[in-house]
Amino acid sequence: MSKIPLFNEFSSVSAKEWKQKIQFDLKGADYNETLVWESPEGIKVKPFYHADDAVNTPKNLTSTSTWRVGQAIYAGNAKVANTKSKNVLGKGAEALCFVIPSKQIEISEVLEGIDISETPLYLELQFLSSEYVKSILDYTGDNRENVHLNIDLIGNLSRTGNWFFNLEKDHEKLEAILNFENQNSLSVDVSLYQNSGANRVQQLAYALAHANEYLNHMSKNGFSSTITFKVSVDTNYFFEIAKLRALRLLYASLALEYGVPASCHIVAVPSKRNKTLYDYNTNMLRTTTECMAAVLGGADTVLNQPYDAIYHKENEFGNRIALNQLLLLKNESYFDKVDNAADGSYYIESITEQLAEKALILFKSIESGGGFLKQLKEHTIQRKIEESATKAQALFDAGYEVLIGTNRYQNENDKMKETIELYPFLKTNARKTLIQPILEKRLAEEVEQKRLDDE
């Protein structure tokens, strides 16, 4: 058998030669108008990518062999949450995310019998209490490095329009929490920006500016904490892979300026924005694609969303399907066997670089305008997100942004009115707020409301 490499027998073809061949086959049609499309972020996507397009994206930027299958659990009842957590761990979950609504929930009851040394914990506290955080760290003891507290003052302000208490008291409690010297105290909720309609460049820039507020605060006060980013992923597969890679690239550059560790922690969840009430089984296809992109993009933990989460109360079937989607990706699709799987893809690396460059420009603009918090209080961030959301909604309404079963290929016999257990549309609660909150809204809401009225 010959030892001569097979491809040495073929001459290489340059990008220019490929383009000339394509233009010849187009028979006079314009190459750029026919085959090049532009993303909402202004990135022009070519029909092919070549070694000539290679960029200097750092290698080993992400790891795709160490991601964990996560499960979110609402801990409104400590004993029920504990039972659920043990159940999902027995079914294959590897990390737990507890949503804790009040200080009355005993953390010892929630975590009883859970091996914290082997199971990473993400705790989303819907309140701010340094005393409660102290009780968590005391209970977890030597395993506190496995506990992510997910404290996000600015995220709460963005979502609700108010601080937990007020600016001064919130920061006082944050400093007390950071004094506990837990390395995983802070979080940045990027999912809010995606679910409210921000494009990817905005999501990355806002994530960076949001994190910069915390890094600036920590550097002034001598604190240290690894930041956990919670990121929503939609079905634009390659762009979402690139988005997560760009986030790591951007954060590493920012961290370098502060002299803190360049690594961050990413928890990925499927987007709510593209989920639909009608033809709901299509949501399973969407979440599968989104979880795949999250893994290949380098998320540390992936939390899936049940296909019926927008209209059904939590149920065993929906939860089981959501968990099994992740288990299939990991155990039967081998999504943990190849590390840095996206490395060497000219297309993904090109998008990664362009997203990072555009996000960095926007980040610098935010900082020159006084910083993220100032622009949030001036409603500049809200206005920019609303502009992007309006553009995306117009594309959906015109049929250019397609959600199968909703604005294309509708099943007229599909009836949902009698099956809805949760209100699936934007909820408004008239109250006094310090700033205009950033509101999450799905693309399909107006179409679905009309269909429900017509049933």
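How many cavities of 30 Å³ or more does the structure hold? The structure holds 1 such cavity. This is a predicted model, in which local features need pLDDT of at least 70 and side-chain atom pairs count only at pLDDT 80 or more, while totals for chains, interfaces and linings use all residues. Residues are numbered from 1 along each chain as its sequence is written, and side-chain values use heavy atoms, with hydrogens and water left out.

On a 1 Å grid over the protein atoms alone, a cavity is a set of points where a 1.4 Å probe fits but cannot get out; a pocket is an open set with protein on both sides within 12 Å along at least five of seven lines; lining residues have an atom within 4 Å of a point. Grid points are joined across faces, edges and corners, and a volume is the space filled by probe spheres set on the points.

The lining of the largest cavity is formed by C97, Y122, E124, N150, S187, T228, K230, V267 and L303. Strands (E, at least two residues) and helices (H or I, at least four) are DSSP runs numbered from the N terminus.

The second largest pocket has 33 lining residues, and P40, R200, D234, A392 and E401 lie nearest its centre. At least two lining residues come from each of β1 (37-38), α9 (200-221), α11 (282-297) and α15 (380-397). The most come from α15, with 6 residues.

In the table, Ala, Val, Leu, Ile, Met, Phe, Trp, Tyr, Cys and Pro count as nonpolar, Asp, Glu, Lys and Arg as charged, and the others, Gly among them, as polar.

| Space | Volume | Lining by class |
|---|---|---|
| Largest cavity | About 40 Å³ | 4 nonpolar, 3 polar, 2 charged residues |
| Second largest pocket | About 890 Å³ | 11 nonpolar, 12 polar, 10 charged residues |

C97, one of the cavity-lining residues, is buried (under 20% relative accessible area, with exposed over 50% and partly exposed in between, 1.4 Å probe, protein chains only), at 3% relative accessibility. C291 is also buried, at 1%. The structure holds 0 disulfides, a disulfide being a pair of cysteine sulfur atoms within 2.5 Å. The closest cysteine sulfur to that of C97 is in C291, 14 Å away, which is too far for a bond.

Helix α10 (residues 237-258) has 22 residues and should span 32 Å at 1.5 Å a residue; its end C-alpha atoms are 33 Å apart, which agrees. The expected span is 1.5 Å times one less than the number of residues. Just after α10, G259 takes a positive phi of about 70°.
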